[in-house]
Structures are given as structure tokens and as C-alpha cells.
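Visitor: I have a structure to go through with you. Could you show it, and then we talk?

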Amino acid sequence: MLRRLATGLVVLWAAATAAYLALLAAPGTTVDAIVGEGADTPLIRAQIISEWHLDRPAVVQYLDYLWRAGQGDLGRSYLLQRPVSEVIGSQLRPTLTLAAVAGLLGVVLALILAITTRRPWARRVSSTAELVLVSTPSFLIGIVLLSIFSFRLGWFPVSGGQGVAALVLPAVTLALPVAALLTQVLRDGLDRALDEPFVVTARARGLGERAVLVRHAVRHALLPVITLTGWLFGVLLGGAVIIETVFGRPGLGQVTLQAVTSEDLPVVLAVVVFSAFVYVAINTLADLACLVIDPRLRRS
Amino acid sequence: MRRRFLLIATVATALLAGCSGGGGTDSAAAGSPVSGGALTWGIETEPITLNPHQYAQAKARLLTWNNFEALLTHDDKGGYLPWLANGYQVSPDGLVYTVKLRSGVSFSDGTPFDAAAVKANIDLLLSDGYAPTVAAVQLKNLKSVDIVDPSTVTYTLKQPDVLILDFLSSPQGAVVSPASLKAAKNLKAGGPELAGTGPFILDRYTPGQEIHYKKNPAYRGKPARLDEVTYRFLKESSVRVGALTSGQVQVIEGVPATDQARITGNPALTLSRGLNSGSAYSYYFNVTHAPFDDIRVRQAFRDALDVDTVLKGVYRGTATRAWSVIGPASPLYDKSLEGTYGTNPGRANATLDAAGWNARDAQGFRVKDGKRLTVRLVQSSPFVRDRRDILAQAVQAAVKQSAGIDLQVSVVDQGTATKALEDNQYEVFDNSRADTDAGAALNLLLSSSGAINRLGIQDKAIDGLLDKGQAEGDPAARAGVYRDLQQKVVAEQALIQPLYAPADQIAANKKAGGLGFEPTAGVPASAYTVWLSK
């Protein structure tokens, strides 16, 4: 457990450092980024430099950042002029809610689809739909869903953020491509599991086709899906950037986009570190879940 | 310089005239004004800051005036009306502005509005690191602000500067409760913790989602008609339009050409447009190196371009062509420039031949001494709006076809764009500014020491005209100065290729009345005069 914790800390530090170096290597200085499109005079530059202590060497700024971050102080946003913890903190819940609901919906949809579309014709229809969904930009899916269910039928609001009704369309938009890909992986896993000798044994015991599928094959098919959860988190966070813009939802996605385009270093670093943290946590959970699902792994 | 003694008296009616002016959308369907109700307004841009002193986005202006007010406001003829002030006087030498303040006004946190409050705001603006842009640009000629009595302040200048009046009516000049400025936790970000004197009170801000105002019950003047107004941030234009057509919001701003048919085709909706103040969206030719150091190449570029056709292709006939660096809505605009240049490929080719660019390479581009006639335009992607990237591509195709000019357009991140400008690795710079006084924009863009002088121009005559325009108090004489200036930079020296006049659009359900554009600025006005019929 201690080892895992130490590895996690190293990953966080590496992520923060990599992001720091990337932003340092990006063209233009921090002062350029803060000046932006506005007026640009030596006096304005001097004031910006002294306000953010940008006259110190990059190494000193980096070490100072690490020192403060270690004490829980993530600094202030250059652009929004608020503490980073506040900027991110207020946007965390909406994004996590969206990602969790969409992720869950995606997995449930994938399970249902993979199990119910075993007949050749159903399989063909489902595969085509999956392919279309995986290759359609989620921006387009969002606009289409909005046009039908919000603008035309008026069932769901276009934005609102807090209510459950406002969560439906964004979550579905985010879940559809996820469900499509997971269905393909699951179906592939089911096909492979059904070829295994233990399925013949199960059938020989007189087990019905449905029971074979749900009780035995799915367990095997789930393992590759579980290892995909790290990837799933990336998709959900990346998708949130677009979904939040389309639906006018608050969230981390919009904050990240704004911070990256305006080189708002403190916010970008915080988002990267947070993402790394969630990634580590999710992978740990995924490893534990594999233990639960596959008894063979428990022995070693 | 002689200067007239000017005194503007306040008349209550003049106040109302000042805020309801500008092409309104008041339609018969909305009927006569009613009080009460809650309105939802879909807007394109979430402001970076809600502190008016830090204001930098014209798109945030309609929010600012809901809860804040400045001492003066613009009328629709380029003049000023008193607002939080009762009137102002200018000393004969143009150096001292004496402003009489309204009495009996309080900020929404209960702090009284008086001369001390006004001075506290200026002191903060001039303090180190608070608002460097305001201190370096708008207040650069301010020597001191002094309290004469609780309802009188004087602004003393280092040199005559009529733009101080523009500052006194700008969001940066808005007067914020000094007590709330002191107590604010995130001062520069602003928000509900900053108190103003406006007709509404900002009571809720949900970043990324919406901002909510409630009526200020203690407002000094005629109260606002709406009880509450919510501005929802909807960045996608098709989503804004859909939210309006389905009745989820009653008003939206920012309707691009591609979506306007969906509004005009709907009998329940109205669409209105307002031309912004300030400088037109233009290409500035970098004169510090080849090829635009040669005036013939600049003239040829403009002759090669048929701006009307390009605009029609990109904006479907909804854009207003610009002929000068100053937008056509400004009182300083020189109308005589219209139709004097451009759309003459024959002359463009002859000029380029004469300038030595008479060979062509395999791709059909002009060549001189083995070098292609290449000019580079670098656009910073966070600031590309109004499909300006598409417009650049249309211009690129047009000048290639008609004169063999190679316009290279790159849309890059902001750091790369700033670096290209700093390293002088560009030949074309694109920009429009929404300053309410076009003179303020030109000071930045054309002056030798201008903060956005991307022309690289160092011209004593231009600087002289800019200084004269900034010091001239008489509106007619001032317009004359800027006419000379526009003749010089647009007609004589061909430094600029004006393209279009930036505009704002408001689309609304006919139930909403009292909507309009702010006089002079030309951006959507605040919700003060808006009502919603039942």
C-alpha cells in the first residue's frame, strides 16, 4: 500500500513537471499571455512582472510552485484573478457528476447491447450503429440531440446545470460513443469466451443459453473492459470540454480549455495534477475490480 | 488653444433619453412597458472579470451597466450626458475638469456615493499592479483628483485631453463602493462582492453557466422594470438560436450570418443590429520591411481586393463594409473616403509591374529578385471571432487570383502570435477595437509610441494630428482633425485595408420590449429599460 502511495506521488510530480516544462517551451512568455490582445506598453509589462513575480529564474519559479503546491496552495489564476483551488473547486462537481453519469450509462448500455444483440441480424444493425457513433464528433451528436429533444420537443432544457433534466442530454451525448466502443470490446470478449471449453461444460450441464452468457461469459468479457477504464476517464474528461461548451454547462472542461488557450499556467498545472490523481485512483480501483471478477488473480 | 466654458445641466428626462437611445427593437407586440417578471438572456461570452475597473471585453459591457454606473454617459451624437454626475465644467485651458456629483445616492451595500468614493476609485486605479492598462492608457494624462466638497471633484490633467470624458463614461470609470473594494476577497475578479449604484444588483454568479441580477429596490432613479434577469452563457450560436426559438430564453445576442434566416423567418421573433464604435476591422500593413514598405505594393493589395464580393461570400450580405480605419458609426468617420479605392485588378497589376514585381513563378505568384510576393497574416486563435479566419481565406484567394499576391494566413495559439509580432515576422496585422471614442483606438494603433502600433509607422505628422485630436474640445474642429488624419493614413499613404464594421445583433421574442443598443458604443444595452409583456 505504501509503495502504491509513493508511486502515485511520483506520478503526480512527473505530471506537474511535464506540464510545467511544456508550458515553458511554448512560444511566448507568461507576460505575453497575460497581455493578450490588449494594450502593450513597457509600464504595463513591468506591472505584470512585479505582480506575479515573473522576474525570478524559471527554476526558482518552478521550485516555489512545488513548495507551495506541497502545502496545498495552488496559486492564483493569471486570467481569472481568483485562487486556483476556487476556480477548479467550483467546477469539479458538475464535471464529475456528468462524467460519472455518462460513464455509468455508457457501461450499462454497452452491457445491454452486447448481451441482447447476439443474433446475426441484430448484431449487424448494432455494429453499424456503433461504428457511426464512434466516428461521429460528440459536438455533432450534442447538436442533433439538442435540436430534437430540446428545441423541437421541449423535453429537456438546453442548459441549467443543476437540475436532473438538464443532465440528461449532455450525459447521453457523452455516453453514446463510450457505449459504442465498449459494446464492441464486450462483444468481442463474449465471442471469445463462448469458444472456451468451460462453456461447453456449462451447456453440457444443461444450462440455458442466457444463463451461460450472463453468468459465465460476461465475467470473462468484462476484464478487457475494466482495463479500459483509464482510457474511459480520458474520453470523458476530453468529451466534457466539448459537451460543456455546447450545452452551456459549468465544468472543468470549459475551465481547462480557457486556461490552455490563454496559457494560464497555474490552472493548467492544477488540472493536469488533478487528472493524474484521478487516473492513478481509477487504475488502482480497476486493479482491485479485476481481483473481484477473476478469482485466478487472487491466488498470486 | 481656446476652450469654451461648458456646463451641462441635468434634466431628468435627458437621463432617460440617454439610456433608451440607439436603434431599439421595441415592437408593437411588446405593447407598453410593464413592470415585473423575470427575463433570461442567452449571451455568447462569459466575462473574464466582473470588476468594471478591469473591463477588457466589449461583449461584457451589457452586464457592467446593470449594477454599475459611471459619472457620465455617451449620447448618440458623440457627446456626453451626466449620469452619476449632475454636470461638469472644463477650465478654459482644458486642464481642469470640475464634476458635480448627484447627492443622496448610495451604493447597494449602503455606502454613500460622494466625492470621497470617487477619489477612492481613482486612487485604486492608479495604485501599482491593480489596473495597469487603465493607468497607462486612459489615465496617462491625469495629474490628480481632488475633493472640493462632498459633491464636487476636480480632475487635473498634465496636458489637455478630451478623452478624460470618455474615461468618465467608460466601464473602467464606473464608481464602485469603496467599502466593497476594500472588503473584496477576489478584488480583480469582482462578482457579487462588489457593490455599485446601478438599477440591478448582481446577486449570483455561477461560473460557466449563468449570472443573475435582481432589481435594486433603492435605485436613485426610475426603477428597472424587470424583477430579475439571468444571463446564460451559451457559446455556440446555433444553441443560442435554438434556445430562443424554443422559448427557453427570451433574448439572445450574437447571431452570425448563418443563423439569421432562422430568426427573420419566425414571426414571433425580432432581429436588430447595431454597428460598434471604435475602429473598423482592418488589415494593417507592416511598413517596416519589404514588401509593404513600398506604397505601391500597399495600393496594389487594396486594388486587387473586391471587398464587397469577399464580404458577401463570407457574411451573406449581413456585413457593413468599412472604408476607413474609423467605423462608419463614429461621429469622427470620414465619409468622403467611400468608393475612392479598391476593386481595380487592372491597376493593381500595372502598379505591381511598375514596382518590379513583374515576374511570375510556377504557381502564378509574383516574384521579384527571386523572391515571391508573400505577405503573412498571423491570427491568434483565442481572439478569432466573426469568422475572421474564413474571411482571411477569402481575401487570400481574391488577391492571389487578381494580382498574384501570396497572402499566407496562419491561425495559431496566442503565444506564437505574440512572438511573431514581437519578432516582426508578419506583414499584415488584423484588428478592430471597440473603444467608444475612435480617437482612443487610433492613439493605440497609429501613434509612433502606440501600444498596438503594428504598422510600425513613425510619422511626425500623424502623431501631431493624434495629439491635436486628443486636445481639441470643440466637436466640429475635432472631427476636422480626424478627417485629415484618415485622409493621410487611408487615402494618401494606403497604410490600411479596412474591411468591415463590427456589429452586434440582438434577437428577441416579441414579448420583450425596451431592448436596444447603447448609444455611441453600439453594443447591446443593459437590462435597465427592458420589459417583458405577459
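**Interface and sheet**

Guide: Between chain A and chain B, about 3,500 Å² is buried, 53% of it from carbon and sulfur atoms; buried area is the accessible area (1.4 Å probe) that two parts lose on being put together, summed over both. This is a predicted model, in which local features need pLDDT of at least 70, side-chain atom pairs count only at pLDDT 80 or more, and totals for chains, interfaces and linings use all residues. Residues are numbered from 1 along each chain as its sequence is written, chains are lettered from A and ligands numbered from 1 in the order in which they are written, and side-chain values use heavy atoms, with hydrogens and water left out.

Visitor: How many residues does each chain put into the contact?

Guide: Chain A gives 46 residues and chain B gives 40 residues, contact meaning heavy atoms within 4.5 Å.

Visitor: And how many salt bridges between chain A and chain B?

Guide: Two, where a salt bridge is a side-chain nitrogen of Lys or Arg within 4 Å of a carboxyl oxygen of Asp or Glu. Arg45(A) forms one with Glu422(B), with the closest N and O atoms 3.1 Å apart.

Visitor: What kinds of residues make up the side of chain A that touches chain B?

Guide: That side has 17 nonpolar, 19 polar and 10 charged residues. Ala, Val, Leu, Ile, Met, Phe, Trp, Tyr, Cys and Pro count as nonpolar, Asp, Glu, Lys and Arg as charged, and the others, Gly among them, as polar.

Visitor: Switching to the sheet in chain B. What is the strand order?

Guide: The order is β4-β5-β7-β6 in an open, antiparallel sheet of four strands. Strands (E, at least two residues) and helices (H or I, at least four) are DSSP runs, numbered from the N terminus, and two strands pair if DSSP finds at least two bridges between them.

Visitor: Why do β4 and β6 of chain B have one side without a neighbour?

Guide: β4 (85-90) and β6 (142-149) of chain B are at the edges, each with a single partner strand, so one side of each has no neighbour in the sheet.

Visitor: Which residues pair up?

Guide: Five bridges join β4(B) to β5(B), and Tyr88(B) has Val99(B) as its bridge partner in β5(B). Six bridges join β6(B) to β7 (residues 152-157) of chain B, with Asp146(B) opposite Thr154(B).

Visitor: What about the hairpin of β4(B) and β5(B)?

Guide: Five residues lie between its strands, and Gly94(B) takes a positive phi near 75 degrees.
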